[in-house]
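Biologist: I'm new to this one and would like a close look at a single part, namely the end of the chain and whatever it leads to. Could you start there and then walk me through the rest in plain words?

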Amino acid sequence: MKTINDIDLSKLSKKRRLIIQYALDYPDKVVLMRMEELGDKLNVNPATVVKACKAIGLNGFYELKELLKNEVQLTRVDSIFNSMIKEVRAHSNPQKVAQDAILGDIMMLQKTYDTIDFEVIEKIANAIINSKQTYIIGLGHIGLVANYMERICRSAVPQIHASTEYHGELFLNMAHFSEEDVVIGICLDKCQNQTINALRIAKTEKKATTVSIVDSDLSPLIECSDHHISINSSNSFYFGSMVGAFCIVNAIFYSIANILKPETVSHFKFFRTMSEKENVYKI
């Protein structure tokens, strides 16, 4: 079955028909949902969602979402957003400008989601887990992302270090690069020479595993990387890609946490116990 036009709802049971009909009526919503979310929305269990998909000749929910993307052309959402942004930009009202910013972020995240290779996310997660040390290079304002990545990933793996200062701090970390390490370079908008040089040295001289997070397929960091992730950003603002970068970091962390599920759960339980013991949070 290759098109949504081949679907015969009359042959489906009541619950299965409900699921497929909802997907056909609201494709833009369904392609953004997880299977559990769709089940909660329609008050059915995930197994019923899978059975509904198989009843129309698909292998599962993922294939249904792919079918909806291809046939209904999710890119039409971009046209909706573009028209909305044009309308917003016609106003000088600060509230309208705020709407513009949020809509821009939504477009960026959707485009990034549509083009990202999630196998690469898993490879990066495994590389970090198996590394002797992982160094994250994020200079200037990108230091916000590097520090966040260090903080969140260290809740699962301890060998994470963020380099956010030019020269001294970065040079010291570069001296410790080895083939057992992972070095991650983050460059958005413009690419700092120090980040490029550090990643090149990590790859060619130190034989480390290298990763880049960028917002352009023309970024010079890519040629220095074993793995790279591109944020699909059309935002012209200086900090425009930051939201996408934080989102990618979250995705990498969730992959790490999933791979190390028992250890991660144990770490979080310890954190919760210590927080309660030290009365960290006001209830």
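**Starting from the tail end**

Modeller: Leaving out residues up to four places away in sequence, Ser275 touches Val280 and Tyr281. Before you read too much into that, bear in mind that this is a predicted model. Ser275 sits in helix H13, which covers residues 261-277. Its relative accessibility is 10%, so Ser275 counts as buried, the cut-off being under 20%.

For some background, the protein has 13 helices and five strands. Of its 283 residues, 43% are buried. If you take contacts between residues at least 6 apart in sequence, 67% of them join residues at least 24 apart.

Ile259 lies in H12. This residue is partly exposed, with a relative accessible area of 35%, and that value falls between the 20% limit for buried and the 50% limit for exposed. Who does Ile259 touch, once residues up to four places away in sequence are set aside? The partners are Ala125, Asn126 and Ile129. Ile259 and Ile129 are 130 residues apart along the chain, yet their C-alpha atoms are separated by 8.8 Å.

Setting aside neighbours within four places in sequence, Val157 is in contact with Ile128, Ile129, Ile256 and Leu260. Take Ile128 from that list: its C-alpha atom is 8.2 Å from that of Val157, and the two residues are 29 places apart along the chain. Val157 itself has a relative accessible area of 4%, so it is buried.

H9 runs over residues 143-153, and its buried residues are Gly143, Val145, Ala146, Met149, Ile152 and Cys153.

The axes of H7 (residues 94-115) and H12 (residues 242-259) come within 9 Å, and they cross at roughly 45 degrees. That angle makes H7 oblique to H12, and the crossing is right-handed. On the H7 side the contact is made by Asp105, Met108, Leu109 and Thr112, while H12 brings Val243, Gly244, Cys247 and Ile248. By class, the residues in this contact are five nonpolar, two polar and one charged.

Helix H1 (residues 14-25) and helix H3 (residues 35-42) pack at about 110 degrees, with their axes 11 Å apart. At that angle H1 counts as roughly perpendicular to H3. The crossing of H1 past H3 is right-handed. Leu18, Ile19 and Tyr22 in H1 meet Leu38, Lys41 and Leu42 in H3. This contact has five nonpolar residues, no polar ones and one charged.

Now for the rings. A pair of aromatic rings is described by the distance of the centres and the angle of the planes. Counting rings whose centres lie within 6.5 Å, there are four aromatic pairs. One of them joins Tyr135 and Phe177: the centres are 5.2 Å apart and the planes stand at 55 degrees, so the pair is tilted. Tyr135 lies in strand E1 (residues 134-137), and Phe177 lies in the loop between helix H10 (168-176) and strand E3 (182-187), so the pair ties together parts that are 42 residues apart in sequence. Are these two residues buried or exposed? Tyr135 is buried, at 6% relative accessibility, and Phe177 is buried too, with a relative accessible area of 5%.

One last stop is another serine. Ser219 is placed in the loop between strand E4 (209-214) and strand E5 (227-230). With a relative accessible area of 12%, Ser219 is buried. Not counting residues up to four places away in sequence, Ser219 touches Cys191 and Val214.

Notes
Residues are numbered from 1 along each chain as its sequence is written. This is a predicted model: local features need pLDDT of at least 70, side-chain atom pairs count only at pLDDT 80 or more; totals for chains, interfaces and linings use all residues. Side-chain values use heavy atoms; hydrogens and water are left out. Axes are lines fitted to C-alpha atoms, for helices over the stretch in contact, and angles run from 0 to 180 degrees between N-to-C directions. Helices (H or I, at least four residues) and strands (E, at least two) are DSSP runs, numbered from the N terminus. Angles under 35 degrees count as roughly parallel, over 145 as roughly antiparallel, 65 to 115 as roughly perpendicular and the rest as oblique. A crossing is left-handed if the near helix is turned anticlockwise from the far one by less than a right angle, and right-handed if clockwise. Contact means heavy atoms within 4.5 Å. Ala, Val, Leu, Ile, Met, Phe, Trp, Tyr, Cys and Pro count as nonpolar, Asp, Glu, Lys and Arg as charged, and the others, Gly among them, as polar. Rings of Phe, Tyr and Trp (its six-membered ring) pair if their centres lie within 6.5 Å; planes under 30 degrees apart count as stacked, over 60 as edge-to-face and the rest as tilted. Buried means under 20% relative accessible area, exposed over 50%, partly exposed in between (1.4 Å probe, protein chains only).
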